[in-house]
Amino acid sequence: MASKDKKTPNTNAKSGGKKKEVKKETGLGLSNKKDENFGEWYSEVVVSSELIEYYDISGCYILRPWSISIWEAMHDFFDAEIKKMKIKNCYFPLFVSPGVLQREKDHIEGFAPEVAWVTKSGSSDLEIPIAIRPTSETVMYPYYSKWIRGHRDLPLKLNQWCNVVRWEFSHPTPFIRSREFLWQEGHTAFATKEEADTEVLEILELYRRIYEEYLAIPVIKGKKSELEKFAGGLYTTSVEAFIPNTGRGIQGATSHCLGQNFAKMFEMNFENEKGERAMVWQNSWAYSTRTIGVMVMVHGDDKGLVLPPMVASVQVIVIPVPYKDADTKAIFDACSTTANMLSKAGFRVEEDFRDNYSPGWKYSHWEMKGVPLRIEIGPKDVANNQVRVVRRDNSAKIDIPMSTLVEQVKDILASIQQSLFDAAKQKRDEHIKVVHTWDEFVEALNQKKMILAPWCDEEDVEKDVKARTKGEMGAAKTLCSPFDQPELPPGTLCFASGKPAKKWTYWGRSY
């Protein structure tokens with residue numbers, strides 16, 4: 001990749017006493033365009049922007065500080081919110097015994113092909129192989145059974161921030177589909193179904209806020225079909241995003257009501273207030289580092305990453321622009337003063353004082369990394385007691401006096417956050433197509449649309465749609481039935497079966 005050798009400072013200062021060679025190349029650009037070769041563009045952006053590095057085990061990736069800082073911004077928001085809900089953090093082991101893993105048959109059947117097993121210790125075979133958690137229901141629930149005795153032990157509400165392993169074989173993609181990923185998983189137990197139902201939606205609303213308020217990505221809240229719900233659960237709700245470039249939906253996060261199925265398998269009984277034996281009602285819910293991949297896909301452009309200010313570890317980069325014979329010290333001092341002022345006001349700011357790179361090279365570098373706002377300070381700016389501000393999202397430039405800089409930077413960052421969301425929503429909405437017939441459905445699918453169609457809500461019909469749309473691009477399936485249901489006029493028929501329709505459902509290809 002062109003950028004790799006250009007990022008290495010070339011200096012002979014120590015060896016031969018020569019002046020540092022200033023890197024002027026701006027050849028940091030991407031060799032693929034988002035609209036022409038999306039897959040290659042994505043693979044290039046996640047590496048060139050220093051989000052990830054490829055690892056020598058396929059499907060595993062090194063998350064560099066630039067991506068971990070995005071994860072931390074979401075973590076800090078979500079962790080504080082669930083603590084307000086009296087949910088406590090814990091940590092359970094990574095390993096699962098086969099006997100426990102196989103207790104809930106539907107559940108393990110859903111995960112079996114992806115479970116990784118430890119079979120050796122040194123050169124000796126283990127007597128009993130040990131599974132690595134693909135999710136933690138079966139790890140945690142034997143202990144819930146031990147800890148829950150009476151109604152005073154309820155609700156039990158735990159969450160853990162951890163990694164899970166799912167040995168994927170289909171097209172590993174950084175953040176989107178990897179063999180190990182980071183996530184949070186919440187596991188809660190209640191005395192009543194009403195309490196469980198309420199929490200499912202409270203958590204789903206937090207997931208919507210992560211996507212819409214932090215990542216500036218519009219999502220649709222809805223319920224999964226019986227075919228697509230969590231294996232072993234009662235029902236699954238999700239937030240669904242859409243990638244217009246590929247015409248694929250992507251499940252953003254899920255909040256499941258597990259009902260009493262796991263309670264039955266793991267004997268989670270308690271004595272209620274009347275002294276009767278009863279079974280608990282359970283939920284589980286999770287979001288993962290997939291969120292970062294969705295953000296890259298939705299907002300990135302041909303210059304690289306575009307970060308929403310809410311999750312950017314550097315919101316403002318300050319770059320000195322010295323000309324020949326200019327007072328370099330005055331320019332550098334102005335940069336430091338500007339950065340300090342913005343830092344004190346609560347913005348995340350850095351200066352780029354590296355003297356072996358030209359200003360043009362630095363512009364390209366920080367654009368590639370997606371920093372929302374660039375501040376340039378040259379001799380004219382120092383003389384006029386102002387700075388030049390350049391937006392990453394639309395390249396708009398504006399000269400701002402130092403006296404109003406803090407207020408204006410605050411407004412501009414808020415404007416960038418909103419503009420990114422508005423642009424993503426407009427693009428997504430343009431790709432939503434309402435259909436009523438099979439022919440309209442097929443046409444919309446070929447046009448890479450997110451399809452809203454009346455459906456009879458029958459599993460066999462969904463399987464049939466999958467079978468009939470199978471091809472190189474992958475089959476279509478239900479994404480979710482939105483909670484916000486349009487009116488369904490009496491007599492409306494299912495687009496696929498011709499039977500009476502029961503609801504509106506989003507369909508499409510998906511990741």
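Biologist: In which hand does H4 pass H10 in their crossing?

Modeller: In this predicted model, helix H4 covers residues 65–84 and helix H10 covers residues 290–299. The crossing in which H4 passes H10 is right-handed.

Biologist: How is H4 oriented to H10, roughly parallel or roughly perpendicular?

Modeller: Two packed helices are described by the angle between their axes and the distance between the axes. The axes of H4 and H10 lie 10 Å apart, and the helices pack at an angle of about 110°. Angles of 65 to 115 degrees count as roughly perpendicular. Therefore H4 is, relative to H10, roughly perpendicular.

Biologist: Which residues in H10 do Ser67, Ile70, Trp71 and Met74 in H4 meet, and how many residues of this contact are nonpolar?

Modeller: The four residues in H4 meet Thr291, Ile292 and Met295 in H10. By class, the contact has no charged residues and two polar ones, and its nonpolar residues number five.

Biologist: How is H4 oriented to H8, roughly parallel or roughly antiparallel?

Modeller: Helix H8 covers residues 193–214, and its axis comes within 11 Å of the axis of H4. The two axes cross at roughly 150°, and angles over 145 degrees count as roughly antiparallel. Therefore H4 is, relative to H8, roughly antiparallel.

Biologist: How many residues of the contact of H4 with H8 are charged?

Modeller: On the H4 side, the residues are Ala73, Met74, Phe77, Phe78, Glu81 and Ile82. They meet Ile203, Leu206, Tyr207, Arg209, Ile210 and Tyr214 in H8. The contact divides into 10 nonpolar residues, no polar ones and, as for charged residues, two.

Biologist: Where is Ala216 placed, and is this residue buried or exposed?

Modeller: Most residues other than glycine have a negative phi. Ala216 has a positive phi of about 60° although it is not a glycine, and its place is in the loop between H8 and E9. Its relative accessible area is 0%, and under 20% counts as buried, so Ala216 is buried.

Biologist: Which residue in E22 does Lys223 stand opposite?

Modeller: Strand E9, residues 220–223, pairs with E22 in the antiparallel sense over two bridges. Strand E22 spans residues 477–482, and five of its six residues are buried. The residue in E22 opposite Lys223 is Ser481.

Biologist: Which residue in E23 stands opposite Lys477?

Modeller: Strand E23, residues 503–510, is joined to E22 by three bridges, and the two strands run antiparallel. The residue in E23 opposite Lys477 is Gly508.

Conventions. Residues are numbered from 1 along each chain as its sequence is written. This is a predicted model: local features need pLDDT of at least 70, side-chain atom pairs count only at pLDDT 80 or more; totals for chains, interfaces and linings use all residues. Side-chain values use heavy atoms; hydrogens and water are left out. Axes are lines fitted to C-alpha atoms, for helices over the stretch in contact, and angles run from 0 to 180 degrees between N-to-C directions. Angles under 35 degrees count as roughly parallel, over 145 as roughly antiparallel, 65 to 115 as roughly perpendicular and the rest as oblique. Contact means heavy atoms within 4.5 Å. Ala, Val, Leu, Ile, Met, Phe, Trp, Tyr, Cys and Pro count as nonpolar, Asp, Glu, Lys and Arg as charged, and the others, Gly among them, as polar. Buried means under 20% relative accessible area, exposed over 50%, partly exposed in between (1.4 Å probe, protein chains only). Two strands pair if DSSP finds at least two bridges between them. A crossing is left-handed if the near helix is turned anticlockwise from the far one by less than a right angle, and right-handed if clockwise.
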